[in-house]
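The entries follow the order in which I looked.

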Amino acid sequence: MSELERDVGSVLVPEVRAARTRPGDFTNADDVRPSRAYLARFPPAGVVLFGRGPAGPVEVETLLGGVRDDLAELGHARPFAACDLEQGAGQHLVGATRLPPAMALAAAAEVVGAERALAS
């Protein structure tokens with residue numbers, strides 16, 4: 001692996017996605033993840049997880065296990081895992097906290113603010 005390939009792997013963050021979660025395509029029954037060839041050529045410093053499908057959130061190990069195993073076998077470091085957390089980690093991952101949508105949080109803050117203003 002060249003220094004350039006190592007650098008590419010350190011800045012590109014490939015997706016690791018549960019089956020049936022690709023936008024506009026809920027029929028794909030397979031998880032999406034970087035191929036072993038990609039991992040060998042551009043070992044990523046991190047991956048981004050997308051795990052909420054029609055059946056709900058998934059286990060982190062279910063998504064990351066194969067990627068971590070492949071990288072370990074290839075002699076590369078374990079990647080960090082990032083996630084789109086607009087509604088908390090529970091939106092994608094089993095056992096994590098799920099938050100209300102941002103609009104609900106904003107509305108609650110406005111109601112609480114209005115109640116405090118009326119009380120003073």
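**Salt bridges and their setting**

I started with the charged pairs and found that the structure, which is a predicted model, holds five salt bridges. I reminded myself that side chains of opposite charge can pair when their charged atoms come close.

For the overall layout, I noted four helices and three strands, and reading along the sequence I wrote down the pattern α-β-α-β-α-β-α. I also noted that buried residues make up 30% of the 120 residues.

I then looked up Glu 15, which forms a salt bridge with Arg 17, the closest N and O atoms lying 2.8 Å apart. Glu 15 is partly exposed at a relative accessible area of 24%, whereas Arg 17 counts as buried at 8%.

Next I turned to Asp 70, whose salt bridge with Arg 33 has its closest N and O atoms 2.6 Å apart. Because Arg 33 lies in the loop between strand E1 and helix H2 while Asp 70 lies in helix H3, this pair ties together parts that are 37 residues apart in sequence. I recorded Arg 33 as partly exposed, at 33% relative accessibility, and Asp 70 as buried, at 13%.

Asp 70 also forms a salt bridge with Arg 36, with the closest N and O atoms 3.0 Å apart. Since Arg 36 is in helix H2 and Asp 70 in helix H3, I noted that the pair ties together parts 34 residues apart in sequence.

Which residues do salt bridges with shared partners join into one network? I wrote down Arg 33, Arg 36, Asp 70 and Glu 73.

Conventions:
Residues numbered from 1 in each chain as written. Predicted model: local features only at pLDDT ≥ 70, side-chain atom pairs only at ≥ 80, totals over all residues. Heavy atoms only, no water. Helix = DSSP H or I, 4+ residues; strand = E, 2+ residues; numbered from the N terminus. Buried < 20%, exposed > 50% of the residue type's maximum accessible area, 1.4 Å probe, protein only. Salt bridge = Lys/Arg side-chain N within 4 Å of Asp/Glu carboxyl O.
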